[in-house]
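Colleague: Can you put the model up and talk me through it? Start with the terms, please.

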Amino acid sequence: MLSAAEKALISSIWQKAAPNSEQLGFEALQRMLIVFPQTKTYFKHMDLSKGSADIRKHGAKVIQAIGEAALDIDNMASTLSNLSSLHAYNLRVDPVNFSFLSHSVLVVLASHLSEDFTPEAHAAFDKFLAAVAAILSEKYR
Ligand code: HEM
């Protein structure tokens, strides 16, 4: 459960990140694929060479979904419902992988937002990404 203060921090971080979100999404997805190479098994149909247009395009989609959830935190579960079904029933992504993407997103936010990404903002965004991951994983059960 996110507190009002955490929600305010998440919203403020997202406002700062949003103008550059496509680049952030690209960097986060690319980072996940490099740091956690086992995640590449889900993207065999894409060009996974460094800097590829496929990684850029998909990273933009992923961060857009995260942004939509951040803009309407109280309704996250319904905002993400279709994606939850997609990842559980169609893609069958092992839930362990969500933490790899979350970690990569946090690192990229830290590198772009620098001192704006305070420890408190980091903690709040980490909690938010864990909530996103929980929603995307809940239909596996
Ligand atoms: C597709 C979001 C985590 C694997 C997608 C799409 C979005 C998305 C928006 C596109 C859906 C569409 O085109 O209708 C997210 C979010 C995540 C997440 C918000 C967590 C915060 C992951 C993880 C993996 C993964 C951890 C695997 C390591 C895939 C795959 C596709 C996909 C394989 C289909 C790609 C394609 O063929 O176009 N995801 N995703 N996702 N996701 Fe995720």
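Modeller: A residue is called buried if 20 or more other C-beta atoms lie within 10 Å of its own, exposed if 12 or fewer, and partly exposed in between, with C-beta atoms placed from the backbone. This is a predicted model, where local features need pLDDT of at least 70, side-chain atom pairs count only at pLDDT 80 or more, and totals for chains, interfaces and linings use all residues. Residues are numbered from 1 along each chain as its sequence is written.

Colleague: What average pLDDT does the protein have?

Modeller: The average is 96, and 99% of the residues score at least 70. pLDDT is the predictor's confidence in each residue, from 0 to 100. The model scores are ipTM 0.98 and pTM 0.97.

Colleague: Ser-114, then: buried or exposed?

Modeller: Ser-114 counts as exposed because it has 8 C-beta neighbours inside 10 Å. Ser-114 sits in the loop between H6 and H7. Helices here are DSSP runs of H or I with at least four residues, strands are runs of E with at least two, and both are numbered from the N terminus.

Colleague: What is phi of Ser-114 near?

Modeller: Near 45°, a positive value in a residue other than glycine. Most residues other than glycine have a negative phi.

Colleague: And Arg-92, what is its phi near?

Modeller: Phi of Arg-92 is near 50°, which is positive, and Arg-92 is not glycine either. Its place is the loop between H5 and H6. Arg-92 has 9 C-beta neighbours inside 10 Å, so it counts as exposed.

Colleague: Let's switch to the ligand. Which residues come nearest?

Modeller: Thr-39, Tyr-42, Ala-65, Asn-97 and Leu-101 come nearest, out of 19 residues around the ligand. Near means that the C-beta atom, placed from the backbone, lies within 6 Å of the molecule or strand.

Colleague: Which helices supply at least two residues of that shell?

Modeller: Helix H3 (53–71), helix H5 (81–91), helix H6 (96–113) and helix H7 (119–137) each do. H3 gives the largest share, 5 residues.

Colleague: How do the shell residues divide by type?

Modeller: 14 are nonpolar, 4 polar and 1 charged. Ala, Val, Leu, Ile, Met, Phe, Trp, Tyr, Cys and Pro count as nonpolar, Asp, Glu, Lys and Arg as charged, and the others, Gly among them, as polar.

Colleague: Where is Ala-65?

Modeller: Ala-65 is in helix H3. It counts as partly exposed because it has 17 C-beta neighbours inside 10 Å. Ala-65 and Lys-127 are 62 residues apart along the chain, with 16 Å between their C-alpha atoms.

Colleague: What about Gly-67, what is it in contact with?

Modeller: Trp-14, Ala-18 and Ser-21, leaving aside neighbours within four places in sequence. Contact means that the two C-beta atoms, placed from the backbone, lie within 7 Å. Gly-67 is also found in H3, and it counts as partly exposed because it has 15 C-beta neighbours inside 10 Å. From Gly-67 to Gln-15 is 52 residues in sequence and 9.2 Å in space, C-alpha to C-alpha.

Colleague: Back to H6. Which of its residues are buried?

Modeller: Leu-101, Ser-102, Ser-104, Val-105, Val-108 and Leu-109 are. They lie on the same side of H6 because they cover an arc of only 165° around the axis. The arc is that of the directions from the helix axis to the C-beta atoms. Val-96 and Ser-111, on the other side, are exposed.

Colleague: What do the buried ones pack against?

Modeller: Helix H1 (4–17), helix H2 (21–35), H3 and H7.

Colleague: And the buried residues of H1?

Modeller: Those are Leu-9, Ile-10, Ile-13, Trp-14 and Ala-17. Their arc is only 130° around the axis, which puts them on the same side of H1. The face turned away from that buried side carries the exposed residues Ala-4, Ala-5 and Gln-15. The buried residues of H1 pack against H2, H3, H6 and H7.

Colleague: One last check, on H2. What should its 15 residues span?

Modeller: At 1.5 Å a residue they should span 21 Å, and the end C-alpha atoms of H2 are 21 Å apart, which agrees. The expected span is 1.5 Å times one less than the number of residues. The buried residues of H2 include Phe-26, Glu-27 and Gln-30, and its buried residues pack against H1, H3 and H6.
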